[in-house]
Amino acid sequence: MGQFVVVIGTQWGDEGKGKVVDLLTERALAVARFQGGHNAGHTLVIDGRKTILSLIPSGILREQVRCFIGNGVVLSLEALLTESDTLIERGVPVFERLRISPLCPLILPSHVQLDQARERARGANAIGTTGRGIGPAYEDKVGRRAVRVADLFQRDRFAAKLGEVLDFHNFALQHYYRQPPVDFQKTLDAQLAMAARIAPLVTDVTRELQALRTASANVLFEGAQGAMLDVDHGTYPFVTSSNTLAGQAAAGSGIAPGAVGYVLGITKAYTTRVGSGPFPTELTDAIGAKLGERGREFGVVTGRKRRCGWFDAVAVRQAVKTGGIDGIALTKLDVLDGFDEVKFCTAYRCGGETYDYVPAGMTTQAALEPVYETAEGWHESTRSARSWADLPATAIKYIVRLEELIGAPVALLSTSPERADTVLVRDPFAD
């Protein structure tokens with residue numbers, strides 16, 4: 001009997017989902033992206049060679065795996081083709097393995113212009129977006145004015161819809177942000193030229209996934225960003241523009257919610273965040289700098305330096321509950337090697353109140369102070385461990401306590417970016 005497994009981040013993204021998806025696709029026939037856009041960054045390291053993906057599913061390097069981009073993804077044709085061409089130059093037959101839903105909303109040049117203009121206008125209050133047009137594209141989707149992949153292949157309809165949306169965007173660009181307009185004809189010609197290239201990839205992804213379920217195939221659903229960036233349940237407004245929880249796998253691909261058999265949450269052994277917004281356990285001292293340096297904490301997509309802090313068990317515990325997480329994949333444990341002591345945030349304090357959950361409200365979230373529990377550190381190396389026997393006893397104690405605090409077991413332990421450096425405790429595809 002096959003299994004549908006959803007992989008999501010449990011923190012503020014950058015947890016190492018790419019490696020885990022790539023690893024698990026050895027057992028899968030397909031992997032599907034169901035939300036986000038090319039603002040995601042997934043890094044794969046195989047035999048020392050690094051591959052960075054931002055839009056194409058992380059299973060693309062596997063010969064037997066079919067890759068799908070579902071309707072919940074906002075799609076930049078330029079980003080897709082640039083990423084595809086890079087992989088094709090390396091010998092990866094992307095066009096043979098990848099299929100795209102016709103229901104994906106397009107990210108247009110005007111979305112990018114609007115995104116960047118807004119961030120500049122916000123100044124010190126900027127959200128910290130990647131500036132790639134993701135938010136404005138989702139706004140158009142919800143506003144029912146999006147141009148979708150399917151529209152590309154009906155030229156007159158596409159031109160009409162594009163004209164309407166560019167009129168809307170250009171009014172804001174010119175009269176509110178004092179920016180130059182986006183040219184209609186140039187945009188039309190460029191989009192249609194790219195449409196000709198992707199035409200063979202467009203298919204009914206929902207039907208393909210439903211057929212795989214009927215055939216009892218193993219399928220992975222790859223999330224982007226993390227639970228604390230969810231547009232509903234994250235640290236709003238400092239969030240992404242899509243739902244990042246496991247429930248979105250159904251809406252963003254067209255499968256039934258009951259089809260999901262296992263949810264795997266990816267969790268760093270400490271905490272990081274890119275961009276602005278609340279971060280209760282952030283360390284601005286030498287320890288935070290050490291975590292960032294050892295973990296090579298720079299954004300894959302933007303190159304921005306990530307903020308670093310101790311493990312926030314409150315945030316991950318909430319992600320476990322809202323995401324229906326059955327087990328976690330714990331990554332970057334080796335970054336904690338060599339510390340005399342390590343800490344868990346077990347609760348927050350604010351205004352005389354103690355919280356064992358993430359409270360709503362930007363003002364409250366910004367004022368949260370962490371309540372820490374201190375644990376003994378270890379000086380032995382955990383890097384490249386491939387079994388529990390390879391781990392120091394103190395590191396195992398840290399893992400056990402982490403499991404207790406978040407209310408979920410460790411199903412998988414990643415001990416380096418390399419595919420093979422993994423301890424598999426519980427196979428998510430097991431019945």
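Mentor: Start with terms. Strands (E, at least two residues) and helices (H or I, at least four) are DSSP runs, numbered from the N terminus. Two strands pair if DSSP finds at least two bridges between them. This is a predicted model: local features need pLDDT of at least 70, side-chain atom pairs count only at pLDDT 80 or more, and totals for chains, interfaces and linings use all residues. Residues are numbered from 1 along each chain as its sequence is written, and side-chain values use heavy atoms, without hydrogens and water.

Trainee: OK. What's the strand order in the open sheet of nine strands?

Mentor: The order is E6-E5-E2-E7-E1-E8-E12-E16-E17, with mixed pairing.

Trainee: Which strands stand at the edges?

Mentor: E6 (98-100) and E17 do. Each has a single partner strand, so one side of each has no neighbour in the sheet.

Trainee: And E16, which strands do three bridges join to it?

Mentor: E12 (residues 327-331) is joined to E16 in parallel. There, Ile 328 has Val 410 as its bridge partner. E17 (residues 422-424) runs antiparallel to E16. Ser 414 is bridged to Thr 422, and Leu 412 stands opposite Leu 424.

Trainee: Is E16 (residues 410-414) enclosed or open?

Mentor: Largely enclosed by the rest of the structure, because five of its five residues are buried. Buried means under 20% relative accessible area, with exposed over 50% and partly exposed in between (1.4 Å probe, protein chains only).

Trainee: New topic. Which residues does Ile 60 contact, leaving aside neighbours within four places in sequence?

Mentor: Among them are Leu 53, Cys 67, Leu 87 and Arg 97. Contact means heavy atoms within 4.5 Å.
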